[in-house]
Amino acid sequence: MPWGGSKATDRILMHLAEIGAGRCTITDDIVVAEPDPEMSQVLMGLLVLHEDLSYASRQRTEAEMALRVVAEERERLLEDRRQAVEARDQFLAVAAHELRTPLTTLSLLADHLIATQTPNRVADSGAAEILKHHLGRLKRQVERLTALVVEMLDISRITRGHLDLVPGPVDLRDVVHEVLDRFDLEIRRRDVTVKVDAPDPVRGTWDAAHIDQVVTNLFSNALKYGAGQPIEVSVRAETSHAVIVVRDHGVGIPDDEQRKIFGPFTRAVAAKHHEGLGLGLWVAYQIVQASGGRIKVDSRPEEGSTFTVELPL
Amino acid sequence: MIIDDDDDLREALVDVMSAQGYEVAAFADARVALAALEEGRTPFLILLDLMMPGMSGWEFRAAQLANPKLLSIPVVVVTAANMVSDGVHTLSDVEILRKPFDVSTLLTTAARYAAAS
């Protein structure tokens with residue numbers, strides 16, 4: 001019987017059990033001292049097996065440690081990122097908020113100067129013309145700055161999760177007319193025809209200021225991207241919801257851009273050609289969603305875009 | 001009456017309103033404004049800032065409402081604060097003029113109260 005019978009088997013089984021438990025009492029000396037050459041080979045094999053298993057186990061432990069380090073590093077980076085985003089949002093909120101008061105002062109003073117420093121108040125008519133020109137430019141820049149700050153405040157509110165909706169009784173027809181009145185100068189400057197189809201009041205309970213903003217953003221886009229073509233705005237009530245439609249006949253939006261047009265910082269055309277932060281539609285989308293409504297776009301390049309807002313009645 | 005601790009804004013409001021022929025009393029400190037009202041001033045409108053050191057706009061409004069002689073004076077709150085998160089919506093019976101606003105918004109608002117007074 002090879003290896004000295006069951007005694008040898010017991011020995012091997014004992015060593016295997018030890019190896020299984022991660023230990024091994026076989027040493028090189030024991031292997032060399034083993035009188036039975038077959039048993040010596042078996043012991044050698046077991047020793048190699050133990051070393052292989054120990055090596056694999058060490059490798060696994062090291063890999064697990066490395067994974068833990070990576071996981072901890074990832075968690076730290078995520079936390080850093082969360083803190084950075086929080087700091088950015090807080091900065092944005094404070095900056096936008098703090099800018100509102102000086103902007104109001106600037107806007108009031110620009111309007112006041114334009115109203116009071118009319119040519120007949122300034123003796124030199126040439127100087128008066130220059131003054132008027134500069135004051136007009138000042139006013140336009142203040143308006144631009146104001147629009148940017150308002151947009152900044154919106155994004156900060158949305159990212160911080162409080163859109164501040166205060167619903168109350170609103171007539172959408174009034175909202176649309178108010179928005180168009182505000183754009184009156186711009187409409188005339190661009191020589192654009194605006195057709196309004198709002199024959200009846202459309203009353204419901206929404207946040208007037210925010211719905212005003214949705215219409216403002218949609219109309220401002222129609223002016224920006226409408227290529228000077230007529231713009232149509234309509235308001236109507238259906239059974240369960242109110243519908244506002246803003247349609248332009250301008251550059252339009254390619255199919256693949258339409259899906260992302262309501263995302264933040266998105267423009268279907270190159271940013272350098274158009275001012276603003278590229279957040280208008282995203283803000284509109286967020287407000288409409290928060291109001292329980294829907295917003296969608298139908299558009300074809302070079303034919304124009306139709307934005308439809310549905311608000312629950 | 002204008003109550004706003006921002007000197008430049010307060011003065012701009014005074015200039016714009018005065019140019020339209022309104023008689024304007026302006027205060028940087030709500031407590032002083034309240035004292036002036038208690039002494040018998042009766043403006044047709046109070047333009048009130050909210051976030052001010054010392055007496056805030058909220059405290060001013062509470063004190064005004066607690067005084068039967070003053071509670072009927074209309075207040076338009078001029079603010080950059082958020083409606084809900086800053087508690088602007090908790091103010092009762094006031095119109096809100098959100099900053100930034102332009103002259104025509106200001107004058108339209110003021111004219112409405114002047115006509116009603």
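Strand β2 (residues 194-197) of chain A runs parallel to strand β4 (residues 231-237) of chain A, and 4 bridges hold the pair together. Strands here are DSSP runs of E with at least two residues, helices are runs of H or I with at least four residues, and both are numbered from the N terminus; two strands pair if DSSP finds at least two bridges between them. Along this pair, A:Val194 sits opposite A:Ile231 in β4(A), and A:Val196 has A:Val233 as its bridge partner.

What about β4(A) and strand β5 (residues 241-247) of chain A: parallel or antiparallel? They run antiparallel, with 6 bridges between them, and a hairpin of 3 residues makes the link. A:Glu232 stands opposite A:Arg247 in β5(A).

## What kind of model this is

This is a predicted model, where local features need pLDDT of at least 70 and side-chain atom pairs count only at pLDDT 80 or more, while totals for chains, interfaces and linings use all residues. Residues are numbered from 1 along each chain as its sequence is written, and chains are lettered from A and ligands numbered from 1 in the order in which they are written.

The scores are ipTM 0.85 and pTM 0.64. For chain B, pLDDT (the predictor's confidence in each residue, from 0 to 100) averages 91, and 95% of the residues score at least 70.

## The chain A sheet and its helices

Zooming out, the chain A strands form an open sheet of 5 in the order β2-β4-β5-β7-β6, and the pairing is mixed. β2 and β6 (294-300) of chain A are at the edges with a single partner strand each, so one side of each has no neighbour in the sheet. The twist averages 10 degrees from one strand to the next.

Helix α5(A) packs on this sheet and touches β2, β4 and β5 of chain A, its direction making about 160 degrees with that of β4(A). Angles run from 0 to 180 degrees between N-to-C directions, and axes are lines fitted to C-alpha atoms, for helices over the stretch in contact. Helix α7(A) lies across β4, β5 and β7 (304-312) of chain A, at about 25 degrees to β5(A).

## How α5 and α7 of chain A meet

The axes of α5 (residues 172-182) and α7 (residues 208-225) of chain A come within 9 Å and cross at roughly 50 degrees. That makes α5(A) oblique to α7(A); the cut-offs are under 35 degrees for roughly parallel, over 145 for roughly antiparallel, 65 to 115 for roughly perpendicular, and oblique for the rest.

On the α5(A) side, the contact includes A:Leu172, A:Val175 and A:Val179, while A:Ile211, A:Val215 and A:Phe219 are among the α7(A) residues they meet. By class, the contact has 8 nonpolar, 1 polar and 2 charged residues. Ala, Val, Leu, Ile, Met, Phe, Trp, Tyr, Cys and Pro count as nonpolar, Asp, Glu, Lys and Arg as charged, and the others, Gly among them, as polar.

## Over to chain B

Chain B has an open sheet of 5 strands too, ordered β2-β1-β3-β4-β5 with parallel pairing. In it, 4 bridges join β3 (residues 46-49) to β4 (residues 75-79) of chain B, and B:Leu47 stands opposite B:Val76 in β4(B).

Where the chains meet, 20 residues of chain B are in contact with 16 residues of chain A, contact meaning that C-beta atoms, placed from the backbone, lie within 7 Å. Which helix gives the largest share of the chain B side? That's α1(B), with 7 residues.

Technical notes: Contact = placed C-beta atoms within 7 Å.
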